[in-house]
Amino acid sequence: MSGKRSLLSGAHFLNGDVACAEGAIAAGCRFFAGYPITPATEIAEHLSERMPEFGGIYIQMEDEIASMAAVIGASYSGLKSMTATSGPGFSLMQENIGLAVMTEAPCVIVDIMRGGPSTGQPTLPGQQDVMQAKWGSHGDYEIIALSPSSVQEMFTLTFEAFNLAETYRVPTMLLGDEIIAHMWEKVLIPSPENLKVVNRKKPKVAPAEYLPFKPDDDLVPSMACFGEGYRFHATGLTHNEHGYPQTQSSETQYKLVRRLCEKIRKNADRIVKVEEIMVEDADVVVVAYGIVARSALSAVRKARAEGIKAGLLRPITIWPFPETHVADIAKHAKAIVVPEMNCGQLVREVERCAKTTPVAFLSKFGEEPHTPLEILEEIRRNN
Amino acid sequence: MVVKEILEHPLSKYLRTDMMPHIWCPGCGNGIVLNCFAHALDELKTDLDKLVVISGIGCIGRTAGYTNTDSFHTTHGRSIAFATGVKLANPELDIVIVSGDGDLFAIGGNHFIHAARRNIGIKVLCVNNFNYGMTGGQLGPTTPLDAITTTSPYGNSEHPFNLVHLAAASGATYVARWTTLHVRRLTQSIKKMMQKEGFCFIEVISPCPEVFGRRNKLRTGLDMMEMFKKASVVESFSDPAKAEITSDRIVVGEFIDIEKLSYEKLFHEKIAQINEKTMEQVS
Amino acid sequence: MPERIKHKPLDLEKVQVPRAEIHLIKDQCKGCGYCINFCPKKVLEESDEINARGVHPPKVVDESKCIVCSFCTAVCPDFAIFIVEKKDKEESKT
Amino acid sequence: MAEKKEPQPKEGVEQPRIGVYVCQCGLNIAGSVDCEEVAKFAATLPNVVLAQYNRYTCSDQGQAGIQKDIKEQKLNRVVVASCTPRLHEPTFRKACEEAGLNKYLFEMANIREQCSWVHLYDRKAATEKAKDLVKVAVAKASLLQPAEEAEVPITRKALIIGGGVAGIQAALDLADTGYKVYLVEKEPSIGGMMARIDKTFPTMDCSICILAPKMSDVGHHPNIELLTNSEVTEVKGYIGNFKAKVLKKPRYVTKDCSACGECTKVCPIAVPNEFDVGLAIRHGIYTPFAQAVPATYIIDMNVCLNKEGVVVCDRCMKACERQAVKYEMKPETVEFEIGTIVVATGADVFDPSTIPHYSYGKYPNVITSLEFERLINAGGPSAGHLLRPSDKQIPKRVAFIQCVGSRSDRNGRLYCSNVCCMNTIKDSLLIKEHWPETEIYVFYVDIRAYGKGFEDLYKRARKEGVKFIRGLPSEIVEDKTTRNLWLFGENTLQKELYKVNADMVILSVGLESRKDSEIIQRLLTLSRNQDGFFLEAHPKLRPVDAATGGVFFAGCAESPKDIKDSVTQASAAAARAGILMAKGKINVEAITPIIFEEKCKACGLCAKVCPYNAITLNKELKRIEIAEASCGGCGTCSAECPFGALTQSHFTDEQITAQIDAITEYDADKKIVAFCCNWCSYAGADFAGVSRMQYPPNVRIIRTMCSGRVAPKFVERAFARGAATVLVAGCHIGDCHYINANYQTQKRVEKLWKKMEQNGLNKERLQLLWASAAEGEEFASKIRDMKAIVENVKPEEIKTAQKVFEKALSG
């Protein structure tokens with residue numbers, strides 16, 4: 001599909017990685033830095049072809065550490081920028097994800113999850129990086145993570161991820177998995193004019209008055225870029241609103257780290273998205289995300305057919321975690337079933353919010369995801 | 001002597017005066033490098049709005065905070081990778097990295113050789129003080145054999161990098177080495193570097209009396225500078241492989257000065273071609 | 001030309017040797033001594049006073065000896081000294 | 001060619017018929033040698049068919065006489081006893097050849113430089129020595145063999161040392177002829193003295209105005225490679241085939257310099273400008289004068305603040321738009337081959353501060369004529385205003401004092417400096433021209449206005465009212481308040497004392513040989529006269545040739561002269577060099593080795609010691625082969641051969657042996673048998689003579705081309721014949737005219753010393769001397785020392801030596 005210097009729109013038959021790439025371009029991403037890794041490689045390959053058509057940059061760096069650093073650099077130069085990787089690369093990126101958080105660099109990190117730890121299972125799906133996405137870098141912070149469960153969502157959520165990153169000046173992650181990445185599906189792409197692209201806030205004051213890390217009411221500072229004449233400083237050190245290091249000041253550290261967390265927490269309602277199917281009257285609610293949610297949905301439908309009041313809560317936003325939604329369903333549901341392709345990661349968040357409501361965890365990994373039957377049985381068991 | 005009203009320092013417009021005085025120890029060469037850099041900017045009349053100073057971690061890493069330009073203080077060793085993003089995203093910007101030998105060549109070594117190989121338009125000013133100063137004087141990739149550091153208490157057994165040789169071999173288009181005593185030539189080199197396309201590298205041998213000198217019979221900055229004076233020989237455009245650094249011989253000078261298309265130029269030319277092509281296809 | 005020179009140059013006065021105005025920003029000085037030590041004309045020496053940083057900043061011994069090579073300005077790590085070259089007008093005044 | 005050199009069997013040799021001619025050289029020889037007696041003695045010698053003495057054998061009649069005798073008296077050998085063969089051997093050889101006698105059948109006895117001049121006050125001894133020398137020459141002559149010369153090519157390039165007007169003229173002439181020229185100048189710019197002078201006499205042209213165009217011609221000439229700020233450090237080889245090394249000292253400014261002068265403006269260093277004799281300031285980075293060639297500026301690193309390698313001050317570097325300033329420039333040595341060399345090194349100006357009663361350097365208003373030139377020069381420090389140093393006022397009364405440093409045995413030099421009279425007359429007119437009212441006195445010894453247009457100028461000066469007073473002041477006294485000067489002296493024409501008051505006194509200083517002449521003298525093995533100026537091969541017939549083949553003189557290096565003469569001589573030198581190069585080839589003396597194949601054991605020792613690798617050992621044919629053209633003719637191979645299978649033609653074993661025997665025929669136990677190499681030590685001995693250095697008359701010099709020719713057996717034979725002492729003298733190690741042949745000399749002498757010690761002989765009796773052509777005094781004092789040794793040698797020591805070296809007598 002090369003040579004067409006235009007955004008896709010209409011119906012297309014794509015695989016997840018390509019959909020992701022197209023979503024990024026549609027969102028205005030013009031910089032990609034990455035390093036080849038299965039099962040995310042196709043994103044890089046596709047962007048290496050598409051980026052130049054939009055005057056954008058594709059660069060393959062020497063490793064994922066460098067990729068993440070370059071992404072931040074490009075972001076500070078004013079381009080919407082991203083990288084894509086899988087578990088091992090994601091680990092290497094954590095250092096500079098921390099830097100992106102600290103310097104509030106808008107950027108998108110796509111992690112196509114595979115089986116770990118370490119090199120693990122390059123060609124099989126997993127959901128094992130959910131916690132790393134949240135806590136992977138040292139220190140206290142909040143990020144945003146989205147979980148697509150279809151090729152369509154690989155497009156829309158990537159697009160969304162950029163808008164969120166730009167709005168909140170925070171690294172935003174797309175936690176896909178090997179199946180969705182490599183799966184081919186029909187994707188409906190709205191025409192550009194129907195796509196709402198969000199750009200970062202620019203300073204409204206003269207360079208002399210500009211304080212690069214002074215937040216507005218939404219706790220997010222406006223962002224000048226290099227070369228715009230603001231001559232600002234940014235650092236990974238604890239810094240004041242000037243961006244100058246103040247490593248000895250407990251007050252500065254408290255104020256800064258607090259804000260970095262709260263700009264996400266306090267805006268959680270605006271950020272969080274979930275899909276709720278038949279949960280209003282449900283006794284058993286399945287909480288599932290990513291590819292697993294698709295088995296879960298058919299399981300729920302089968303359960304209803306059997307007369308079991310089952311429902312599905314699918315967190316589209318994983319971080320910040322949709323606490324209120326889970327809490328609400330927990331009020332009337334008898335039980336919550338959580339199938340995950342790991343030994344139990346997001347289930348902990350569910351349990352935390354479910355309070356007294358029992359939570360059944362259905363773990364499966366190292367092979368293809370849960371079948372609807374497996375989940376159906378678990379629903380029956382908890383009915 | 002007539003007492004004069006204290007005027008403002010002529011170079012202060014290149015500095016973030018509100019960040020001054022800098023954190024560096026008495027006799028530390030970092031201030032001299034900053035000074036030479038400011039001199040170079042002054043002589044070049046560089047547009048400060050188009051200049052980005054980037055540094056990594058370490059004493060000299062603070063430089064980014066002291067220059068009155070856009071500046072970024074990255075994680076340890078990542079300044080070059082970060083700068084790669086900055087430069088590619090906006091080729092109009094002049095990018096100067098001021099960082100230390102440990103930052104650029106130990107933890108950041110991989111980024112250095114690849115940026116040089118790509119010949120991306122980044123100018124690297126490496127201040128080599130032979131050790132990790134900020135953490136109290138541990139051995140690093142440039143610590144001379146047998147030198148005493150807090151982590152080589154019996155003398156260093158590692159062979160140091162010859163940075164100019166490394167840079168030349170990796171493909172840099174401009175390579176020079178001076179000491180902080182060679183302020184004039186250093187300033188000239190910085191000017192030259194900033195006017196060149198592609199990846200450029202200057203190594204500055206710099207005194208670190210407080211944590212390195214003290215342990216190696218060079219108690220004060222003056223001792224170290226006098227040592228530089230005695231030891232250094234200017235051998236411009238000699239073989240960088242032979243440009244050794246020993247206590248009685250420091251080969252300084254310009255080693256490489258060649259023209260080579262930069263990565264960003266080549267890449268953006270490609271973009272232009274593709275767009276022409278696609279235009280044709282569209283029409 | 002090995003002729004021995006026996007007479008004072010006639011244009012000795014006319015010759016333009018740059019004249020300096022030395023500015024010290026004493027409290028910025030950290031006392032490294034580079035300016036004092038490397039001055040080719042030995043114009044500076046350590047003073048007895050103690051500045052804000054608790055070191056002895058340099059003092060000017062003989063400003064007229066300064067030939068405005070400005071090495072001190074260039075080698076000072078702390079931007080604590082700089083030279084202004086006196087313009088001819090000022091010269092005629094002095 | 002080798003077989004041609006085969007000596008005919010003894011009996012085959014025609015009976016020698018030798019003619020001996022003893023030259024009186026006016027009184028040069030006759031003054032201390034009884035030439036008639038020497039001639040009478042010569043007549044008694046074997047094979048001598050006629051012997052006569054005459055006033056100037058080198059004169060045309062002298063030569064004609066010899067030629068007549070060759071034809072009529074059937075002379076087949078000629079011996080002339082006169083000056084050094086380094087001077088006239090070519091003259092007489094030519095004469096012989098014209099008369100049909102092979103020039104290798106001519107021999108000389110040096111009874112001037114090495115006899116009459118060094119024994120001025122002992123006529124008897126000098127005469128005896130002269131006889132001895134003639135006998136030695138005759139002994140060799142009887143054994144001389146005719147020979148033919150090989151041809152060697154001449155490199156068609158010239159080296160000119162010195163970029164004054166003489167050097168410039170020579171360079172341009174040769175370059176215009178089409179030869180490649182290397183012009184080496186010590187100073188940063190060419191131009192020399194003439195560039196510093198205001199006007200030239202007698203025509204009163206502006207000196208620099210007529211010189212500058214020539215200078216820039218040199219700068220632009222495609223055939224001229226200009227090497228300024230450079231010095232010749234080594235010259236090896238021989239006529240037509242020299243190799244020179246030149247040290248190019250760094251200018252610290254590259255050719256990119258556009259001579260805009262911005263750098264000078266900002267340079268904080270100010271020192272007196274040598275070019276203006278210190279009357280004006282120049283900066284650390286400068287150009288010596290406006291018209292300098294090359295125009296490229298130069299940094300005087302001795303005064304530059306960056307001399308310690310660190311750039312402390314970069315004001316000039318910053319000021320230079322072309323970025324031509326390079327503080328790290330290093331000296332470099334360039335090497336090239338040339339066929340001819342012109343020495344145009346010029347002269348120094350006499351230092352009047354050595355004359356106390358003129359108080360130069362003490363009284364500010366006493367200046368030299370050179371300083372005057374700068375003062376009166378519009379381009380000079382005072383922009384042409386004659387300002388007297390004390391108060392920068394224009395003087396009303398000016399006094400010139402002539403012959404300062406000239407024509408005096410007490411104050412300065414004996415000779416007349418040739419240019420001072422006319423220069424003063426010119427200067428006086430210049431003053432009159434600008435300030436007609438000025439009273440001008442000229443105190444002189446004689447006014448010498450011998451040249452074309454000179455007398456008219458002199459007359460004009462008198463007409464303009466310049467007062468010429470004969471008799472130099474005996475004293476100058478300064479009036480402490482006015483700084484005016486009182487001159488006291490006697491007017492030797494009026495026989496009355498004078499007391500003249502002057503605002504300013506100008507000392508008309510003479511010219512003297514350059515202090516550094518010795519370097520060039522050593523490099524090119526030249527001779528100098530007692531005044532220190534370079535000695536021409538013949539004062540009349542070869543006035544611009546050096547004794548060393550392929551070397552020529554131009555300008556004041558040879559003697560003080562004015563611009564016109566310098567230029568004339570320069571063109572002459574260029575022409576002489578041109579002739580050589582035009583020919584493109586030259587005959588090398590037939591002094592190459594002769595092989596006696598039957599004796600050769602093909603051991604290859606000769607090949608090992610040959611400095612030119614001219615000998616190769618052919619292992620298959622078990623013999624050695626000699627490449628004539630590459631042979632330098634040092635004779636080291638012959639000295640090395642243990643089997644007597646090699647000998648050097650014209651310096652054969654038997655010839656040298658005959659010379660030794662002649663010397664030691666009587667009073668051997670009182671004599672010094674000396675072997676001197678042609679280029680350094682023999683020339684040094686000549687220089688001793690030229691300088692009239694006196695030394696004992698008991699030395700007899702045998703000339704070889706190189707000390708490497710001196711075979712141990714010669715020394716041994718001398719001792720075996722009862723000689724008291726032997727001297728072997730050569731060039732300094734490293735200066736050998738034959739690359740390194742004198743290393744062999746050293747080895748051999750050391751061997752001999754060992755042998756002498758082992759046999760209980762006093763090794764002091766064999767002396768080794770390294771003396772350059774300049775070291776006449778070293779030679780003389782060596783002979784003095786050796787006299788003492790001679791006196792201490794006891795008869796029994798002589799006997800033991802004779803025993804020890806007995807073998808040397810046979811074969």
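Colleague: How many residues of chain B are in contact with chain A?

Modeller: Keep in mind that this is a predicted model. In it, 38 residues of chain B are in contact with 40 residues of chain A.

Colleague: Which elements of chain B supply the side that touches chain A?

Modeller: Five elements each supply at least two residues: helix 2 (63-66), strand 2 (70-73), helix 3 (79-89), helix 5 (109-118) and helix 9 (263-282) of chain B. Sorted by class, that side of chain B has 15 nonpolar, 16 polar and seven charged residues.

Colleague: What does strand 2 of chain B join up with in chain A?

Modeller: Strand 10 (residues 233-235) of chain A. Three bridges join the two strands, and they run parallel. One pair to look for is Thr235(A), which stands opposite His73(B).

Colleague: OK, new topic: cores. Which residues have the most contacts inside the largest nonpolar core?

Modeller: Those are Ile144(A), Val286(A), Ile336(A) and Leu125(B), in a core of 260 residues. Helix 6 (residues 151-168) of chain A gives the most to this core, with 10 residues. As background, nonpolar side chains tend to be buried together in soluble globular proteins.

Colleague: What is Ile144(A) in contact with, leaving aside its neighbours within four places in sequence?

Modeller: The list includes Leu164(A), Tyr168(A), Val170(A), Met173(A), Ile264(A) and Trp319(A). Thr172(A) and Thr317(A) are also among the contacts of Ile144(A).

Colleague: How many residues are in the second core?

Modeller: That separate core has 238 residues, including Ile208(D), Phe289(D), Ile469(D) and Phe687(D).

Colleague: Let's stay with chain D. In what order do the four strands of the open sheet come?

Modeller: The order is 2-1-3-4, and the pairing is parallel.

Colleague: Why is one side of strand 2 and of strand 4 left without a neighbour in the sheet?

Modeller: Strand 2 (48-54) and strand 4 (106-110) of chain D stand at the edges and have a single partner strand each, so one side of each has no neighbour in the sheet. From one strand to the next, the twist averages 15 degrees.

Colleague: How many bridges join strand 3 of chain D to strand 4 of chain D?

Modeller: Five bridges, with strand 3 covering residues 77-82. Within that pairing, Val78(D) stands opposite Phe106(D).

Colleague: And which strands does helix 3 of chain D touch?

Modeller: Helix 3 (residues 60-72) of chain D packs on the sheet and touches strand 1 (18-23), strand 2 and strand 3 of chain D. The direction of helix 3 makes about 165 degrees with that of strand 1 of chain D. Then there's helix 6 (residues 123-142) of chain D, which lies across strand 1, strand 2, strand 3 and strand 4 of chain D. Helix 6 runs at about 160 degrees to strand 3 of chain D.

Colleague: At what angle do helix 7 and helix 15 of chain D pack?

Modeller: Helix 7 (residues 165-177) and helix 15 (residues 563-583) of chain D pack at about 35 degrees, with axes 8 Å apart. The crossing is right-handed. Among the residues that meet there are Ala166(D), Ala170(D) and Leu174(D) from helix 7, and Val567(D), Ala570(D) and Ala574(D) from helix 15. By class, the contact has 10 nonpolar, six polar and one charged residues.

Colleague: Last one: how do the elements of chain C run from the N terminus on?

Modeller: They go β-α-β-β-α-β-α, which comes to three helices and four strands. Of the 94 residues of chain C, 44% count as buried.

Conventions: Residues are numbered from 1 along each chain as its sequence is written. Chains are lettered from A and ligands numbered from 1 in the order in which they are written. This is a predicted model: local features need pLDDT of at least 70, side-chain atom pairs count only at pLDDT 80 or more; totals for chains, interfaces and linings use all residues. A residue is buried if 20 or more other C-beta atoms lie within 10 Å of its own, exposed if 12 or fewer, and partly exposed in between; C-beta atoms are placed from the backbone. Two residues are in contact if their C-beta atoms, placed from the backbone, lie within 7 Å. Ala, Val, Leu, Ile, Met, Phe, Trp, Tyr, Cys and Pro count as nonpolar, Asp, Glu, Lys and Arg as charged, and the others, Gly among them, as polar. Two strands pair if DSSP finds at least two bridges between them. A nonpolar core is a set of buried Ala, Val, Leu, Ile, Met, Phe, Trp, Tyr and Cys residues joined through C-beta atoms within 7 Å. Axes are lines fitted to C-alpha atoms, for helices over the stretch in contact, and angles run from 0 to 180 degrees between N-to-C directions. A crossing is left-handed if the near helix is turned anticlockwise from the far one by less than a right angle, and right-handed if clockwise.
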